[in-house]
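Let's take a walk through this protein chain, one neighbourhood at a time. Keep the 3D view open and click along as you read.

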Amino acid sequence: MWRNRIFLLLFIILTAVFASFFGGPLPYALFYLSLLLPLISYLYLLYIYNRFRVYQLIDKKTLTKHETVPFRFILANEDLLTYAHIHVTFLDDFSSLEHVDTSKSHTLLPGERAEYSTTLFCRYCGSYRVGIDQVILEDYFRIFRLSYHCPTPMEVHVLPRILQPERLSLFPSSSEGLRLTQNVNSQFPDAETRKYLPGDSPRLIHWKALARQGTLLTRKPLPEPKPEQHIFLDLSLPKEESDYLKRFDLLAEAILAITNFYLKAKTPCTVWLDCNGLQRLPIHSQSDFEELYTFLCSPQRIYGASATELLNGFRHSDIISSKCIILTTQPEEELVPACTPLLDSGNQLAVLCLCKGDFSSYHPFVNERFVILPVDPDKDLVSSLERF
């Protein structure tokens, strides 16, 4: 474009010199033509700017992260003039279009429509704009350029994935296995009963049921209940869209992966967060998990208290001798002091840091009941969770 502008400037200078030295109709005609050329080009560009049409279509606007969905866009010339040098740029911060040449220049004859079909791929969960970002128009001689954002912006709502790690061990193996207290006077835990069958151990006969019903019944011991896990969610997320989406995406997928793992392992857990007030979300059933998933799929941005603020406003006597997990995307210096009351209550604590950084300042506080687990956001989250 700059080369064309330089040529035009030289053309104006040369025709001006030619008309000055030789005069006559032809030299002045060329001189006036050189002056009118940029004016006509700019007026043409303004006309095209107001007449050009672009459309974009997507099969669905609610999809799951990393799901591909068909996407089409149409460039239309509904006029009597030819449209030359049309460039289309696409939003690629959070999504991408496959097999689209972004450097291609389009030319449309009168009444012509150019339709392109591709697939859209979204990299983060949340609500954001996708597809066409800008349409750049140039005149015939490529002297001037006008650009405008797509008049029909398209926004999608991307749901987080439910990842399924095969193993999850966030605490040192030497301190695994906290158990709920059983009644020491009871030889067997609470149990269901069935009819006695030959070969059953006499030790399993339910003598009280025999006395009540007059029938031999055998105990069916229930599995020992597992201790409840407590997960604290840090919702101090940045306001800037790019940073928010990247950090919320990590946070949402991590909490869903961990709670889904505990649910399938039949281990009760509770999620604590402070979003317009302290909230306790028990995850004891599939319906509880679905409520958490619905909360994280809100089309509105989710903001709340940091992990430090959450722990400082928390009644620590509610949790004693349990395992606690803190999920954060930006650990604060005051986090360790805020964790002290939980550690003093006999709890074990694992801080899952979903970010890059230097965590050497936490090393003096690390012991068998307090661990710092950094997760590289650029690596696969399932592999990162399974390696602990």
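## Who sits around Thr270?

Keep in mind that you're looking at a predicted model. Leaving aside residues up to four places away in sequence, Thr270 touches Glu228, Gln229, His230, Ile231, Arg280, Leu281, Pro282, Ile283 and His284. Look at the numbers in that list: one run goes from Glu228 to Ile231, and another from Arg280 to His284.

Thr270 itself belongs to strand 15, which covers residues 269-274. Is Thr270 buried or exposed? With a relative accessible area of 0%, Thr270 is buried, because the cut-off for that label is under 20%.

Phe22 is part of helix 1, which spans residues 2-22. Its relative accessible area is 64%, so Phe22 counts as exposed, the cut-off being over 50%.

## Rings that pair up

Next, the aromatic rings. To describe a pair of them, you give the distance of the centres and the angle of the planes. How many aromatic pairs does the structure hold? There are 14 of them. In one, Tyr244 and Phe248, the ring centres are 5.6 Å apart and the planes sit at 5 degrees, so this pair is stacked. Both residues are in helix 4 (residues 241-264), and because they are four residues apart there, about one helical turn separates Tyr244 from Phe248. Tyr244 is buried at a relative accessible area of 4%, and Phe248 is buried too, at 5%.

Trp272 and Phe314 make another kind of pair. Their ring centres are 4.7 Å apart with the planes at 80 degrees, so this one is edge-to-face. Trp272 lies in strand 15, while Phe314 is in the loop between helix 6 (307-312) and strand 17 (323-328), so the pair ties together parts that are 42 residues apart in sequence. Trp272 counts as buried at 6% relative accessibility, and Phe314 is buried with a relative accessible area of 6%. Rings can also link up in a group: Phe73, Phe90 and Tyr116 form a cluster through their ring pairs.

Side chains of opposite charge can pair when their charged atoms come close. How many salt bridges does the structure hold? The count is nine. One of them joins the side chains of Asp79 and Arg51, at 2.9 Å from N to O. This bridge connects distant parts of the chain: Asp79 is in the loop between strand 3 (68-76) and strand 4 (83-90), Arg51 is in helix 2 (residues 25-51), and they are 28 residues apart. Asp79 counts as buried at 9% relative accessibility, whereas Arg51, at 37%, is partly exposed.

Lys65 has a salt bridge with Asp249, and their closest N and O atoms are 2.8 Å apart. Here the partners are 184 residues apart: Lys65 is in the loop between strand 2 (62-64) and strand 3, and Asp249 is in helix 4. Both Lys65 and Asp249 are buried. These two also belong to a network of salt bridges that links Lys65, Arg161, Asp249 and Glu253. Elsewhere, the side chains of Arg145 and Glu138 form a salt bridge of 2.6 Å, N to O. Arg145 is partly exposed at 45%, but Glu138 is buried at 1%.

## One last stop

Finish at Lys266, in the loop between helix 4 and strand 15. With a relative accessibility of 69%, Lys266 counts as exposed. Now find Leu120, which is 146 residues away from Lys266 along the chain. The C-alpha atoms of Lys266 and Leu120 are separated by 37 Å.

How values were computed: Residues are numbered from 1 along each chain as its sequence is written. This is a predicted model: local features need pLDDT of at least 70, side-chain atom pairs count only at pLDDT 80 or more; totals for chains, interfaces and linings use all residues. Side-chain values use heavy atoms; hydrogens and water are left out. Helices (H or I, at least four residues) and strands (E, at least two) are DSSP runs, numbered from the N terminus. Buried means under 20% relative accessible area, exposed over 50%, partly exposed in between (1.4 Å probe, protein chains only). Contact means heavy atoms within 4.5 Å. Rings of Phe, Tyr and Trp (its six-membered ring) pair if their centres lie within 6.5 Å; planes under 30 degrees apart count as stacked, over 60 as edge-to-face and the rest as tilted. A salt bridge is a side-chain nitrogen of Lys or Arg within 4 Å of a carboxyl oxygen of Asp or Glu.
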